[in-house]
Amino acid sequence: MASIPKSERFYSVARIGTPSTPFKSAASQWAGFKIIAVLLAAILIELVSHAVKIAYPQYPIADGIISTFAVLTVLSPGLYLILGLRGSNALRYMMIGGSVLLVMSQLVQVTAHISYFADMPVLGNDTVGHDVTRWSSLVFGLVLWLASLYFGLLNSVRAEGALQRERAELLSEVERRKQLTEALAEQDNVYRAAIAQAGAIPYRIDWNARSYTFFDDQIHKLTGYTHDELTFDALQTMPEEVRYIGPLAGMPADEVRELIQNRAVRNWHREYRIHTRSGEEKWISDSSVEVIGADGIATATVGLMVDVTNRHREDEAIQRNERYFRALTENAQDLITVLNLDGTIRYQSPSIKSMLGYELDELIGRNVFELIHADDRARVLETLTGGFEDPAMAHRTVYRCKHADGTWHKLESIGRVMSLDSGIDGAVINSRDISERDSLERQLLQSQKMEGIGRLAGGVAHDFNNLLTAIMGYCEFAIGDVDEGSKLHGQMEQIMQASARAAELTRQLLAFARKQIAEPRNVDLNILTLNLEKLFRRLIGEDIELKTCTSDESPIAYVDPGQFEQVLVNLVVNARDAMPRGGKLTIEISTEQLDSDYVAFHPEVKPGEYVMLAVSDTGVGMTDDVRMHIFEPFFTTKEDGKGTGLGLATCYGIVKQVGGHIWVYSEIGHGTTFKVYLPRVYGEATNTLGRKKQVPAKGGSETILLIEDESLVRAITVQTLIERGYTVLEATGGEEALDLAAQHEGNIDLVLTDVVMPKMSGREIADELKLRYSDLKVLFMSGYTEDAVVHHGELEPGIAFLPKPFTPDALSRKVRSILDRVMEAARA
């Protein structure tokens, strides 16, 4: 829209004058001058008349005629004034009448000097009524003329004043219109500048002409189309995805168009998408209003277009971020809470249901301290107060929170206090249920602690077993040389019993450390438990009821039967000690499927089929603190001298060594249940009901190569084998053994070697000798071994092993059994 031009007419009018200056009309001055000039002329004519009268008394008519001209001269300005008045007929008639009477008086005077009129009435000088007529015409004419002249002059002055006021008002109106025009022009320029600054594009649609009018070229810069390309139809079809804003928001486009056509809506605001000539997508904000004609029908539409592409992209980015963060919040496993400054819960994320069991809006409006354990409220309040004092820092705390089912869950929360500027004005807290993690951390700490103790126990057992082997061996030989009824014989038996207890202690340490050598096989736990039932009854006494519930299915596990018998005995003895006044002891065997839900709370367990052995008692139970330490070695709640603290530690080690899991549940005053889970296997069990009777050890005449670096063990072993008839080649290490075997001319039937030795291990010596003697049999002996002859605690297939400490009788039996198998194989 072009700027409004300043009319030149306004400037010409403005040069006339302004209302603030006195108005002086040149025409009025000229009119005054003319009246004075006429009066002077009349006086001059009258003087001429008197001069003629004096100079030519014989011609009185000449004086009358000249005097008449003087009268007419005097009358002419008045006639001019009266005749120029508008709307003043009375004054006009008075002036005309007065002028006629004055002229009549003058004519009567002239006719008095003309002989022709001498005898006529009134006109003759000597006739009746001449003087009366003359003087009365003169008087009345003067009165009328002067009165009309007075009032005419008065009206003229008034008219002149009114004219001056009208002219002043006209000049004021002209000035006002000038100022208004300038203001409109300035306002128009301001609007144009504002529209240009806002990037708006003004337009007008003429519906009759079906055309668009744009007031600048911004539309071409926006769309990239030329003037000829932006036709009415092209512009009408350009908008896509139209969205109405304000009262029409959300209404379908067809309904909005119907409202506009029915004149129910006169203005509207909408946003829509267009594609430019280059294919770029842009968003337009369009505000429109209809122009209504005299007939009430919309003839045009005017509006403003604004390119809001950047804002729309920012809005889309904000909406994407909002959807993203809302999805994070609503799908997060952690609980997100917004608190008012007084602790009132304002918002809870949907994870409240899975974490604490509450419905989404159930806690809104409640105070968060109602859900916190009473012992933890002071700590949480201190943390929250610290957040108020230092809102820039995130603050962390751990506390117990009440679950919907009444139980307490341990939560870890971290949060910040947000100011009013952030739009939150409260605390935003992120909480995580660490009940499971806390339990796992305790289990890991326990596992690491027990692993460290196990390493220590394994190292001690190696040397200790060597000493026990010598003690037990020489003691057994000494007993054979002493009379059975002598005092010394009894003392030697006490030494043997103490050595056996010491050997059992080392076995328990190795079992706990998972360093005990296992010889696993398929074992039916039903049969193993029933074979021990008589022993259990002797162990628990008559005041405890024993109930054994076997499994209907085949509960076979791949374990060392001797080790697992030790587990059962330890659990039964522990249950007995928990029932000093009697009670009931239940042993239950079953098969179970441990799924992912169970594994979620016991991460060291793998899902699958297990054989479950449960030992339950109705004893005194134990506290949570005792339960936390129950599998630690040397931890015991028994009186001094009544327990070593290795029984349950041994059970733990044996079960873990075969890939099993042991779990305990206890309540004070109600009893305790130990559950042992062993991986289930399928196949035929190797154990049967009943026990085989032990056959006395035999000797032989074979040649045995003995390799042992510990002199005490080597000496007792040599003595044992020689007394049993064997030929013994003894060596203290690997190199000596290889040299000795090379020098020996006869056969070597068996190699008996320690596993752990300096320079060369027993396994390396055996492998080297087998290169020379392909059929050579090897018997390994050790009190502790690190994967030399075992794999994950189990003997490798075909490996013969004798654990330390051993007695001469046990050594003889093991040696004889291996040599007998060789002979049977040779005969076959």
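Me: How does helix 15 pass helix 16, in a left-handed or a right-handed crossing?
Reply: Helix 15 passes helix 16 in a right-handed crossing. Right-handed means the near helix is turned clockwise from the far one by less than a right angle, and left-handed means anticlockwise.

Me: What kind of model is this?
Reply: This is a predicted model, where local features need pLDDT of at least 70, side-chain atom pairs count only at pLDDT 80 or more, and totals for chains, interfaces and linings use all residues. Residues are numbered from 1 along each chain as its sequence is written, and side-chain values use heavy atoms, with hydrogens and water left out.

Me: How is a pair of packed helices described?
Reply: By the angle between the two axes and the distance between them.

Me: At what angle do the axes of helix 15 and helix 16 cross?
Reply: Roughly 30°, and the axes come within 10 Å. Helix 15 covers residues 533-540 and helix 16 covers residues 561-577. Axes here are lines fitted to C-alpha atoms, for helices over the stretch in contact, with angles from 0 to 180 degrees between N-to-C directions. The two helices are therefore roughly parallel to each other. That label covers angles under 35 degrees; over 145 is roughly antiparallel, 65 to 115 roughly perpendicular, and the rest oblique.

Me: Which residues meet there?
Reply: Leu535, Phe536, Leu539 and Ile540 of helix 15 meet Leu568, Val569, Val572, Val573 and Arg576 of helix 16. Contact means heavy atoms within 4.5 Å. The contact residues divide into 8 nonpolar, no polar and 1 charged. Nonpolar takes in Ala, Val, Leu, Ile, Met, Phe, Trp, Tyr, Cys and Pro; charged takes in Asp, Glu, Lys and Arg; the others, Gly among them, are polar.

Me: Let's zoom out. How many helices and strands are in the chain?
Reply: 23 helices and 25 strands. Both are DSSP runs numbered from the N terminus: helices are H or I with at least four residues, strands are E with at least two.

Me: And how much of the chain is buried?
Reply: 39% of the 828 residues. Buried means under 20% relative accessible area, exposed means over 50%, and partly exposed is in between (1.4 Å probe, protein chains only).

Me: Now helix 21 and helix 22. At what angle do they pack?
Reply: About 20°, with axes 10 Å apart. That makes helix 21 roughly parallel to helix 22. Helix 21 passes helix 22 in a right-handed crossing. Gly734, Ala737, Leu738 and Ala741 of helix 21 touch Ile765, Glu768 and Leu769 of helix 22. That set divides into 5 nonpolar, 1 polar and 1 charged.

Me: Where is Leu776?
Reply: In the loop between helix 22 and strand 22. Leu776 counts as buried because its relative accessibility is 6%. Leu776 touches Ile748, Leu750, Val751, Leu769 and Lys770, leaving out residues up to four places away in sequence. The C-alpha atoms of Leu776 and Val751 are separated by 7.5 Å, though these residues are 25 apart along the chain.

Me: What about His661, buried or exposed?
Reply: His661 is buried, with a relative accessible area of 5%. His661 is found in strand 17. Beyond four places in sequence, His661 touches residues including Tyr598, His602, Glu604 and Tyr677. Val655 and Lys656 are also among them.

Me: How many residues of helix 19 are buried?
Reply: 10 of its 11. The buried residues include Val655 and Lys656. Just after helix 19, Gly659 takes a positive phi of about 80°.

Me: What is phi for Lys759?
Reply: Near 70°, a positive value in a residue other than glycine. Lys759 lies in the loop between strand 21 and helix 22. Lys759 is exposed, with a relative accessible area of 81%.

Me: And Arg210, where is its place?
Reply: In the loop between strand 1 and strand 2. Arg210 has a positive phi of about 50°, although it is not a glycine. At 47% relative accessibility, Arg210 counts as partly exposed.

Me: Last one. Is the peptide bond from Lys804 to Pro805 cis or trans?
Reply: Cis, with omega near -5°. Pro805 sits in the loop between strand 25 and helix 23.
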